[in-house]
Amino acid sequence: MRITISLLFLSFISLNIAAAQSNKKASKPLRVKPDGTVIIDTFEKDSLGKLPGEWYNQNASVKPSDDPREASLFRYYITEEMGNKYLKYYGTDARHLNFPLRNRPNVNIYETPILSWQWRVKDLPEGGNENDEDYNDTAVSIYVAFDMGRVALFKEVPKTIRYTWSSTLEEGTELSKFFGNQKVVVVESGPEKMGEWVTFERNIVEDYKRLFGDMPPKKPLAILILSDGDSTADRVIAGYDNIMLKEEKSDE
């Protein structure tokens, strides 16, 4: 994303979240499977060709699905394949979708620490590099936003872990950005698995402890997603599906 450092900070701060913390419409319990899995979204209840109904804009002030003017800014939409609905991104624009968690009564990541999701990438942004602000594009990424960290120039920004499928950075690469308040973890890289649905699972409690050096709150502020190709001016085609929080499997 070709944005100056100051604008990047302002954009990042707006992931916050005061709106998500106080938004009564985002306070209903999430669906839970018999095995204890908490369903964030499978997109099965959403309308084809529309934005997902339970997701907000970046600062959680409005649902784009409820506001045609806001919706026109987004390049995500629900589509279907072989009877399965999923969220598709097609374009270059950089714009987050936000699923607030802070007020959900049945979210506790110490009980369900495994964030599970599926991605499919059909077109990577050529040359995208999450460690270079001039080429900071990604086909798919999912953020977990936690409590507020602090920086010198601005009072506070949320701590986030951003899991990404990078065009160029090696799988396993970890970056620290925004004065240490954002941790980027590359979970897939390059074109080898393009066209396949790939399932990822991360223990977000353990990742948070390792990356930030302390214990996370039991309720994250939000889950966010972002696809974009605006810095490289290269189209992205990708899909998201089955975002959930699961119990940790026993070794027995």
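Tutor: Let's start with Arg 120, which counts as buried at 7% relative accessibility. Keep in mind that this is a predicted model.

Student: Which residue forms a salt bridge with Arg 120?

Tutor: Arg 120 sits in strand β6 (residues 114-123), and its partner is in strand β3 (residues 76-81), 39 residues apart. The closest N and O atoms of the pair are 2.8 Å apart, and the residue you want is Glu 81.

Student: What about Glu 133: which side chain does it meet in a salt bridge?

Tutor: Glu 133 is in the loop between β6 and β7, and the pair links distant parts of the chain, with the other member in strand β9 (residues 174-177), 44 residues apart. The N to O distance is 3.2 Å, and the partner is Lys 177.

Student: In which helix do Glu 206 and Lys 209 lie?

Tutor: These two form a salt bridge, with their closest N and O atoms 3.1 Å apart. Glu 206 is partly exposed at 41%, and Lys 209 is partly exposed at 28%. They are 3 residues apart, about one turn of the helix, and that helix is α4 (residues 204-212).

Student: How many salt bridges does the count come to?

Tutor: Besides those pairs, Glu 174, Arg 202, Asp 207 and Arg 210 are linked in a network of salt bridges. By the rule used here, the count comes to 13.

Student: Asp 46 is buried yet has no salt bridge, so how far away is the nearest side chain of opposite charge?

Tutor: Asp 46 is found in the loop between β2 (38-41) and α3 (68-71). Leaving aside neighbours within four places in sequence, it is in contact with Asp 41, Pro 52, Gly 53, Ile 78 and Lys 85. Lys 85 is the nearest side chain of opposite charge, but a salt bridge needs the charged atoms within 4 Å. The distance is 7.5 Å.

Key:
Residues are numbered from 1 along each chain as its sequence is written. This is a predicted model: local features need pLDDT of at least 70, side-chain atom pairs count only at pLDDT 80 or more; totals for chains, interfaces and linings use all residues. Side-chain values use heavy atoms; hydrogens and water are left out. Helices (H or I, at least four residues) and strands (E, at least two) are DSSP runs, numbered from the N terminus. Buried means under 20% relative accessible area, exposed over 50%, partly exposed in between (1.4 Å probe, protein chains only). Lys and Arg count as positive and Asp and Glu as negative; His and the chain ends are not counted. Contact means heavy atoms within 4.5 Å.
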